[in-house]
Every structure is written in structure tokens, then in C-alpha cells.
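This report looks at a pocket and at a helix pair. Please keep the sequence and the structure in view while reading.

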Amino acid sequence: MKSNIKDKLQKIDKDHYTLLIDIGKVSKEEGLKSYLVGGMVRDLLLGFDNLDIDIVVENSAKLLAEKLVKKFPNCELSAKHDRFHTAKVIFNVNGEKIPIDLASSREEIYEHPAALPKVSVSDLKRDLYRRDFTINALAVSILPEDFGEIVDLFDGLLDLKEKKIRILHELSFIDDPTRIIRAGRFACKLGFEIEENTKRLLKEAIDSRQFDNLIEKIRGDRVKIEIRYLFNLPDIEHAVRTFFNLGIYRMISIDLESRRDVAYGGDVAYGGDVAYGGDVACGGDVACNVSTGWLIYFALIIKDLSSDRQEKIMKNLQLTADEIKIIKDGFNALNKLKEQQSVDSVIIYHELRNLSAESICIVKMLYGINNFIDEYIEKTSKIKLEITGQDLIHMGVKEGKKIGEILEQILEKKIKNASMNKNDELAEARKLI
Ligand code: ATP
């Protein structure tokens, strides 16, 4: 692959391109060296769209941020973390806000496995060396004199070409076991192989058992972020298989060993339809969204654990109250449906009507094939009465609870007979008054 990608950069969105040029010029004026790094470089080389601009500055991101704010009236400082030597600026370009992450080139020292690292300012080489994989450790200069020049210190270009996920040093997974999940994510997302030695070290890290039940020992939010990325991938079957095959599940709980079969049982695919293809995902009111869609598969994985264990895992993984509610609502509705001898469209309606799209997906996936659930998603959830409480009041019903009860009974009739029109509804109301 080539070592200057100016031509590729010229093809990205014009405003983003101009910003890169401008930031390069200001860096030069201040005697700083700035590089585009991370996912955007990787994706540009692979031909994917990615406009998440991450810039590493040799040496002071803070200084560059201050100069940018001073020089460009449309640039504001949105965050600054002295401890991590990072800053974020936002450019307002014709009404569009373009965030840019700036970080001083830095190295990280891990004092013990999975600890949060100590961060200190260093040069570009060490900054790239602290990264997860060779394909994510490429940098591109944005200085005017060599704009677009690739810095490839670890053969990331070769690994991109050969579709390999490769760590940068032997202790990488021990320093930061979330890289195990990231290895799985990039392998699935990009269709890459985890390179042999990397695979061996990954397996050794998992087999050492030191990361078993990891979320009980360290803050679970970093693990959660990575699981969310993994379970939001479009090829969810592949993602769930990877979760089990690489042993990622052990970081959540070794009790999940018994759930291995879900990766092969077809349930995932059934859920996949729902989350990505079906009406629930696309249809207005009941749309799953990217930040919560992953919970459907997470629920599938923890479903057979005791509720105490589920509770503990969700807490350790630092799920929010809303996220926990999505999962619990799904499980509760599922249990209620399972207690019924048989279900029909009205029973399904009562159990599902107050649930979020994600909770409905959980029920659909775990209940097994059931036409009434499909019907609920496609039709029943959209059935509305044409008459209102006002009509009942005109017919002489007193304002109060009774109105809601009558409307509910008419709606149940309409669920069984969707062709009812306004006159039919009124006739039904007359019978009930
Ligand atoms: P995507 O855009 O698909 O999320 P990305 O590579 O931008 O991919 P991020 O999680 O945003 O992913 O990380 C940005 C960069 O930071 C990575 O490319 C990598 O260089 C570095 N990085 C992120 N997490 C780690 C980690 N746990 N260990 C080492 N480097 C990391």
C-alpha cells in the first residue's frame, strides 16, 4: 500500500478536509507536529467512511487547542483533561458542528494487569506503541510540508493488506484485557483474521484465568463499551460466536459457559431479524436504537442465570437504570407469557403494550416462534380506536375510570377483528353502556 494518502484525504467531506489543512498549518506555526490517527486512518485506507477526527500532537494538545480557539472564531474548546493530556475542540462550519479530539502524544504504563494506566507525555512512536493493534497504530501527518504522509512503524499497512489483527507487544492483552474484546470486534467487523501469535497470546491470557469474572474486580464500564460495540455489529451471529469462542464471556461471568449453545441455536438469528430487519427496528414508534439494540443479545446470553446473578452482572457492568429496565421488562413479560396455557392476540397485547422496542425484541427472541407476537409487532401495536372518550361522554357515560374501561374492551374486540370501523365501535360502545 502507498505511503501518502493525500489523494484519499482530498476525497473526504470538504469541510473536514479544510479543517485538517488548517490545523496542520497552525501546528506548524507553533512548532508542533500533528498527526491524524486511529480508526479514521484505518478506515480511509480500507475505503470506508469515517469522519471521526483524532489528532495526536507532538507534544502539547493543550497548546494547539488554545491556538485554534484563538485563531478561529468558529472554534470552541469543549473539554480539556490535563491528567490525560487531551482536549476536544468543536468547529462550527456553516451550522454543522465538527468535533475534533486532540491528544498529546503519550505513553501509558500499566503497573499491574488490567489496571488503569499511568499516563505521561512522550513522542509519537511511544504513543503509537501503546495502541491495541497494528492496523490502529498508523498515523498520517497533517503538516503542510508532508500532508498525507503515513507513519507506519509497526507494519500496519501490511496487516491491513493481509487482513490481520495483530497486537504490538506480548503483554498487550495482560495490560488491558478489553483488547481481547476489541480483537474480536475488529475481526468480525472487518472480516479480518486474528494473527497466529496474537491468537496464542489471547488464548493464554484467557486460559490464565486472571480475567475470569473481571467485572467484579475492575470498573465494568470499559468492558460494557466494548461488548456494546461487539453486539451492535450487523453480523450478530458472528459476534455472539466470537464472544464465546474467544472466551470473552469469562470476563463477564464464568457461569456463562453453559450458554455457549446460544451461539449456534438459531435464536440469535431470529432476534437479528427483529433488531435489524423487521418492523420493530424500522417502524416509527417502536424503533430500537444503536445505543440500546445490543441489550437484546446481552439478555439472550444472561437469560438462564439466577436473577441474583443477573442483577449482579448488570450492576458490575454499570448498566444504567434504563438499560436494566429494558432487560427486566423483557424477562418479566416473557415469564408471564410462559405461565399462560395458551396465548392469543389480546394476551400478547396486554403483556407487550407498555414495553420498549428492545424489550419486545427480547420477548420475541426468547419466547420462540409465535405468530401472535409477530402479529403484534406488525399489526396489533398499530391498532387504534376511532372513537374517543368524548364520544362516550356524548352517549351519556360520566367522566371517570369507566370511560377507560369501556374503550379498553372495545379495543380488545378490535384487536380480534381489525376491520371494525367507527360505526362498529359505536355499536359496541352502546352494548357496553
Ligand atoms: P471505530 O471507529 O470502529 O470505533 P476506532 O479504532 O476509532 O474504531 P475507538 O475505540 O474509537 O475505535 O479507538 C480509537 C483508537 O484508540 C484506536 O484506533 C486505537 O488506536 C486506540 N485504542 C482504543 N482503545 C484502545 C485500547 N484498549 N488499547 C489500546 N489502544 C486503544
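## The largest pocket

In this predicted model, the largest pocket has a volume of about 1,700 Å³. Its lining is made up of 44 residues, of which Asp54, Arg106, Arg130, Arg131 and Arg182 are the closest to the centre of the pocket. By residue class, the lining divides into 19 charged, 18 nonpolar and seven polar residues.

## Elements that line the pocket

Both helices and strands contribute to the lining of the largest pocket, and those that each supply at least two residues are helix 3 (39-46), helix 8 (178-190) and helix 10 (221-231), together with strand 2 (53-58), strand 4 (86-93), strand 5 (96-104) and strand 6 (106-109). The largest share of this lining comes from helix 8, which provides six residues.

## The packing of helix 18 and helix 20

Helix 18 (residues 345-352) packs with helix 20 (residues 371-378) at an angle of about 60°, and the axes of the two helices are 9 Å apart. Because of that angle, helix 18 is oblique to helix 20, and the crossing in which helix 18 passes helix 20 is right-handed.

On the side of helix 18, the residues in this contact are Ser345, Ile348, Tyr349 and Leu352, and they meet Phe372, Ile373, Glu375 and Tyr376 in helix 20. The residues of the contact of helix 18 with helix 20 divide into six nonpolar, one polar and one charged.

Conventions:
Residues are numbered from 1 along each chain as its sequence is written. This is a predicted model: local features need pLDDT of at least 70, side-chain atom pairs count only at pLDDT 80 or more; totals for chains, interfaces and linings use all residues. Side-chain values use heavy atoms; hydrogens and water are left out. Axes are lines fitted to C-alpha atoms, for helices over the stretch in contact, and angles run from 0 to 180 degrees between N-to-C directions. Helices (H or I, at least four residues) and strands (E, at least two) are DSSP runs, numbered from the N terminus. Angles under 35 degrees count as roughly parallel, over 145 as roughly antiparallel, 65 to 115 as roughly perpendicular and the rest as oblique. A crossing is left-handed if the near helix is turned anticlockwise from the far one by less than a right angle, and right-handed if clockwise. Contact means heavy atoms within 4.5 Å. Ala, Val, Leu, Ile, Met, Phe, Trp, Tyr, Cys and Pro count as nonpolar, Asp, Glu, Lys and Arg as charged, and the others, Gly among them, as polar. On a 1 Å grid over the protein atoms alone, a cavity is a set of points where a 1.4 Å probe fits but cannot get out, and a pocket is an open set with protein on both sides within 12 Å along at least five of seven lines; lining residues have an atom within 4 Å of a point. Grid points are joined across faces, edges and corners, and a volume is the space filled by probe spheres set on the points.
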